[in-house]
Amino acid sequence: MSAIGDKQGEFTGTITSVTISETGTVVTFEEDTLGLVLGTATFGRAVDSGGETGPFSVLAQVLLAEGGTMSVRGTGVWRKTGPQQWEEKAILLGNDGQRFFVVDEFDLAKRTTRGTFYVLD
């Protein structure tokens, strides 16, 4: 096992909407990992003077490939990685108690996501 957990896989996805609010940018997405993931990610307002990093939260429902479902929620941080590109790193908790570490890049201009997830338990 690595320092952050066992790598479980990589994934790609599509950004389906972006909403700007007082608390930050809310992104809805669909990703293909463990099944179909339907989620909402909130990129909170930047906490540094350059606008390069801030808080992140996610709420998702996973339609598992074998037919069940799993609710997932988590928090972490985001940082700007390029024009209209944000990388987030977060700890997620499934409703079954399973913990995950996720590194995900959201490209707002291309409306895509891609990332890697690790199981912590």
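Two strands count as paired if DSSP finds at least two bridges between them. Strands themselves are DSSP runs of E with at least two residues, numbered from the N terminus, and helices are runs of H or I with at least four. The structure described here is a predicted model, in which local features need pLDDT of at least 70, side-chain atom pairs count only at pLDDT 80 or more, and totals for chains, interfaces and linings use all residues. Residues are numbered from 1 along each chain as its sequence is written, and side-chain values use heavy atoms, with hydrogens and water left out.

The protein has eight strands and zero helices, so its radius of gyration of 14 Å, close to the 14 Å from the globule rule for 121 residues, makes it as compact as a globular protein of that length. That radius is taken over C-alpha atoms, and the globule rule is 2.2 Å times the number of residues to the power 0.38. The C-alpha trace spans about 40 × 30 × 20 Å along its principal axes.

The eight strands form a closed barrel with antiparallel pairing, in the order β1-β2-β3-β4-β5-β6-β7-β8. From one strand to the next, the twist averages 25°; the axes are lines fitted to C-alpha atoms, for helices over the stretch in contact, with angles between N-to-C directions running from 0 to 180 degrees.

Strands β3 and β4 run antiparallel and are joined by nine bridges; here Thr42 stands opposite Ser57 in β4. Next, β4 is joined to β5 by 11 bridges, again antiparallel. Thr53 has Arg79 in β5 as its bridge partner, and Gly54 has Trp78 in β5. The hairpin of β4 and β5 has four residues between the strands, and Gly67 in this hairpin takes a positive phi near 110°.

Strand β5 covers residues 69–82 and strand β6 residues 85–94; they pair in the antiparallel sense over 10 bridges. Lys80 stands opposite Trp86 in β6. The hairpin of β5 and β6 has two residues between the strands, and Gln84 in the turn has a positive phi of about 55°.

The interior comes next. A nonpolar core is a set of buried Ala, Val, Leu, Ile, Met, Phe, Trp, Tyr and Cys residues joined through side-chain atoms within 4.5 Å. The largest such core has 23 residues, and those with the most contacts inside it are Ala41, Phe43, Phe56, Leu92, Phe100 and Phe106. The elements giving two or more residues to this core are β1 (6–21), β2 (24–32), β3 (35–44), β4 (53–64), β5, β6, β7 (99–107) and β8 (112–119). The largest share, four residues, comes from β4.

Two residues illustrate the packing, with contact meaning heavy atoms within 4.5 Å. Not counting residues up to four places away in sequence, Phe100 touches Leu34, Met70, Ala90, Ile91, Leu92, Phe117, Tyr118, Val119 and Leu120. Thr25 lies in strand β2 and is buried, with a relative accessible area of 10%. Leaving aside neighbours within four places, Thr25 is in contact with Val18, Thr19, Ile20, Ala41, Thr42, Phe43 and Trp86.

Terms used:
Buried means under 20% relative accessible area, exposed over 50%, partly exposed in between (1.4 Å probe, protein chains only).
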